[in-house]
Amino acid sequence: MLKAGFARLPIAPPLGITITGYYEPRVAKGTLDPLFVSATAFSDGESRCVLLCLDAVGIRQATLDGVRERIGKNVGLPRAAVFVTCTHTHTGPEIDDGLFEPDPGYNQRLEKLMEQAAQAALDDLKDARILAADGRVEGISFIRRFRMRDGSTRTNPGYGNPDIVAPVGEPDYQLKIARIVREGADEILFVNFQVHPDTIGDCMGSVELFSADYPGFVVRTLEGALPGVKAVYLNGAAGNLNHVNVFKPDWDPNGGYEHTAHMGRAIAGEVLGIYTKARTVESERGVRFAETQLPAPANKARPEQLPLAKDYVEWHRTGRGDLIPETGMGITTLVAEATRMLALADAPDNFLLNMTALSAGGLCLAGIPGEAFTEVGQHIKGHSPFPQQMVLGISNGYEGYFPTREAYEEGGYEARSSSFKGGVAEGVAGAEAELVRRLWEG
């Protein structure tokens with residue numbers, strides 16, 4: 001008999017630590033809305049696992065490997081049974097995403113909270129069945145890469161830019177839900193959609209305030225509308241998606257905290273619309289989990305490129321960005337590319353990426369350790385034998401962007417900043433699809 005448990009704890013970062021999500025360091029001055037870790041445990045009587053969902057931008061794989069190992073040891077699970085995913089909010093605390101120095105004291109406390117949440121969820125196991133449904137949400141997620149009149153490809157070229165020809169790609173508008181209905185306990189509701197949580201912008205200084213961004217509004221809206229339900233927002237493959245409609249009308253601010261609420265409520269509204277249409281998926285398959293590693297060649301710079309890369313990073317760090325020969329997102333692209341070049345100068349020629357998945361009955365969660373393009377998520381979902389397949393980005397690692405092979409030829413922020421050579425997205429998609437198939441076959 002399938003069982004499921006739930007727990008949620010506030011992770012309350014202290015003021016004064018770094019908020020991450022941009023290439024500019026920001027010191028936390030307050031909180032717009034609270035941040036949490038939500039834990040969902042599954043058991044079939046023999047196998048157990050736990051999913052931890054954090055309101056955070058991401059945590060590097062090397063750090064999470066140790067965290068998952070220690071949490072697993074303390075709650076009686078193997079590392080592969082401890083699955084950690086992040087919503088990717090750009091207004092959360094620096095934990096360890098590789099940009100800024102984390103606060104060791106806070107990270108130790110956060111790991112303890114994650115462990116406590118995992119144990120509480122395992123202690124809360126109740127008989128459960130799973131229902132699933134799919135929906136569609138348009139108007140809040142957009143391709144952020146555009147082909148320009150000069151033949152180049154640019155990421156976030158700006159509102160109403162007359163040089164835009166067309167977006168490069170199509171968003172994935174699919175929304176998935178899984179209702180985990182428990183006997184004598186709150187229902188757990190998984191919501192899986194894909195778009196960057198970077199909506200707040202410089203609204204009333206809010207980039208220096210902690211916020212769960214639109215995923216927080218999804219959770220709060222659903223729990224307010226559905227008494228006895230605990231919602232968990234699971235962000236999908238959103239590496240080339242964001243909330244910015246470059247063709248917006250003048251009356252639409254398309255950003256700020258009101259737009260954050262709009263996005264969360266749009267997603268929640270579709271969930272409410274399909275909620276009672278969810279149908280039971282089989283649960284006899286039990287609880288399974290698996291992990292494998294994918295070799296990925298490093299995207300190293302040529303030695304002659306490093307001196308200019310050092311200059312770009314130094315100019316940006318010291319407030320001399322006007323020396324960088326670009327404007328707007330172009331500056332961010334050059335700085336990100338330069339940062340990647342310097343970071344990989346002494347790195348190995350190949351990396352190993354954690355490919356992870358867990359399943360409970362007919363529900364499967366595939367974990368990608370970074371920001372995969374939406375095509376990767378669609379491939380995994382399209383090749384899954386499970387009745388309900390969800391794809392989760394920023395899971396069990398945060399190793400940057402996984403652009404499609406074509407994106408490396410086109411250019412743009414994601415490919416130029418990626419730590420990996422072209423082919424990484426196709427490798428991730430294939431490895432995850434194979435891992436999912438293995439779970440299905442047992």
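**Close-up views of charged side chains**

**View 1. A network of salt bridges links Asp65, Arg68, Arg79 and Glu291.** A salt bridge is taken as a side-chain nitrogen of Lys or Arg within 4 Å of a carboxyl oxygen of Asp or Glu, and the structure holds 28 of them. The model is a predicted one, in which local features need pLDDT of at least 70 and side-chain atom pairs count only at pLDDT 80 or more, while totals for chains, interfaces and linings use all residues. Residues are numbered from 1 along each chain as its sequence is written, and side-chain values use heavy atoms, with hydrogens and water left out.

**View 2. Glu223 and Arg8 form a salt bridge, with 2.8 Å between the closest N and O atoms.** Because Glu223 belongs to helix H3 (residues 213–225) and Arg8 to strand S1 (residues 3–10), the pair ties together parts that are 215 residues apart in sequence; helices (H or I, at least four residues) and strands (E, at least two) are DSSP runs, numbered from the N terminus. Glu223 is partly exposed at 22% relative accessibility, as is Arg8 at 24%, where buried means under 20% relative accessible area, exposed over 50% and partly exposed in between (1.4 Å probe, protein chains only).

**View 3. Glu414 and Arg144 meet through their side chains in a salt bridge (2.8 Å, N to O).** Glu414 lies in helix H9 (residues 413–417) and Arg144 in the loop between strand S10 (142–143) and strand S11 (145–148), so the pair ties together parts that are 270 residues apart in sequence. Glu414 is buried, with a relative accessible area of 0%, and Arg144 also counts as buried, at 6%.
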